[in-house]
Amino acid sequence: MARLSTFLLGSAAFLSALVGVNADCSQISGNYYCDAVSAIEYQNIGFSGSYQQVTAMDTSSCTCTSQTKSFSGSLAPVNEELSLHFRGPIQIAKVAVYNLQSGSSAAKKRDVESSSSSSDCPKAKRTGHSHHRRSAVVEEVWITETVHTTITRTRGVADGTAAAAIPATTSASTAANGNVVAVVVDDIVSAASEVASVAGDVVGDIAGAVTSVAGAVASVIAGAGSDFSSSSSSSSSTSSSSSAAPSVTGTAWVRSSFYEASSGTSENIVFMNNMGGVNGSGSWSSCFGNTLSYANANGVDAAAVPQILEDVTIPSNKEVIIFSGEACDDSCGYVADGAPAYKGFSGGDKMFLFEFMMPTDSASTSSFNLDMPAIWALNAQIPRTLQYGDASCSCWTTGCGELDLFEVLTTGLDYMTTTLHDFQGTGTQYGGGGSSDYFVRPKTSYMQAAVVFSSSDKTIKLAEISNVDFGSSITLDTVSGWGSNPSSIYVAS
């Protein structure tokens, strides 16, 4: 019983999960999907930690060495350089990267390489994430699916009012009208079958622990009542930190990189993939497989020199990577031998804009990631050493950071999820978590989306936008209006 009590009562996250599994969410291939939303916000992002930074890759012994690299501060470690990754089926119409202009000086523009749910939603701590890994010495990229397993959830009251998002360290939450969210013990009993997929062999003991759980929940609610009553006086205060404009201190968002498929324009962008050793780009070894390579304009093959991606549909299980056009220097750290190396997109105040479509792919011969498109960001050190292969040759497993932006997890599904992978609050790279709400996949028309990193308030906001021209600069007011009152919030512990 001690083991069971610890499992049930050791964290507020698990109590929330027990309540949440009985809500109106769908479980598909082990993942929970709740509500379609137009904006999702990560809050309280950034912590102090470290990861193993690769310092050498020895092809004679097939081993990699590393050193400990520490980080801290707002948005860390995803304030470091990021590379942008696109997996088909996807059509990329536009991509733009912006930096927050500080004071009267414009953001530095790098040399151009080439041109012409409401909170009634589970917070998913997604495990089993391996879709960006593969075995070494295999030229074809095999990327297996992500599975979201453990969920936590805040819950609305009977009148449908959204409950306020609460950090994982808080044990209960309140509705926007000040009412305490009901945590019903009967829900815990009826949730046993759903919890089976998460709790495993302890589910059979849950009924015997209901009394303990009920007492703990009652204590939490009684102790937090005064905080709840003062949390809000109207529906507009569902999340006071998210409804206000980001407290950025710059004067405008200034574009540093840009791509437009229809015109063949590329500014400060290099298109790459993981096909090193093919067509005269990058390298291949029996130890580590393929390095980075320049991507062919068709989005499928490698190229000997940089090429601008054509207006094409990238097929299933094929990947294109975008870096900046600035060649690497010592700040990039170690780079795999023979790999073309460029800097990613760095800083605590950066913004990515995308215009894309994810059409159905029923004709692909790929048996992996069939019709599972995705857009995600990696710590740029990962692809510069080894994105797919020996885990010790990349900082990924030690938590240097990945942010899945718009990812389809099951073949043909219409839902795009977002997940943060670092060690914050969990101690494993599967941590960080995210909302189980989703964006609707744009299968037949283009979607515009913004991803805004704000260091001043430790947030990352993903929002669906429309009629934006991706111009050379965008005002603070315009950006702060995108998803300014997100219906889905994930608060990192």
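Let me begin with terms: two strands count as paired if DSSP finds at least two bridges between them, and the strands themselves are DSSP runs of E, at least two residues long, numbered from the N terminus. What you see is a predicted model, in which local features need pLDDT of at least 70 and side-chain atom pairs count only at pLDDT 80 or more, while totals for chains, interfaces and linings use all residues. Residues are numbered from 1 along each chain as its sequence is written, and side-chain values use heavy atoms, with hydrogens and water left out.

On that basis, β15, covering residues 293–295, pairs with β16 in the antiparallel sense over 2 bridges, and tyrosine 294 has alanine 303 of β16 as its bridge partner. Both strands belong to an open, antiparallel sheet of 9 strands, ordered β16-β15-β12-β18-β6-β20-β21-β22-β24. Because β16 (302–303) and β24 (439–440) each have a single partner strand, they stand at the edges, and one side of each lacks a neighbour in the sheet.

Turning to the disulfides, meaning pairs of cysteine sulfur atoms within 2.5 Å, a search of the whole structure finds 5. One of them joins cysteine 62 to cysteine 287, with the sulfur atoms 1.8 Å apart, and with -60° about the S-S bond this link is left-handed. Cysteine 62 is partly exposed at 35% relative accessible area, whereas cysteine 287, at 10%, is buried; here buried means under 20%, exposed over 50%, and partly exposed in between, using a 1.4 Å probe and protein chains only.

Cysteine 64 and cysteine 393 are also joined, S to S 1.9 Å, and their link is right-handed, with 90° about the S-S bond.

Methods:
Helices (H or I, at least four residues) and strands (E, at least two) are DSSP runs, numbered from the N terminus.
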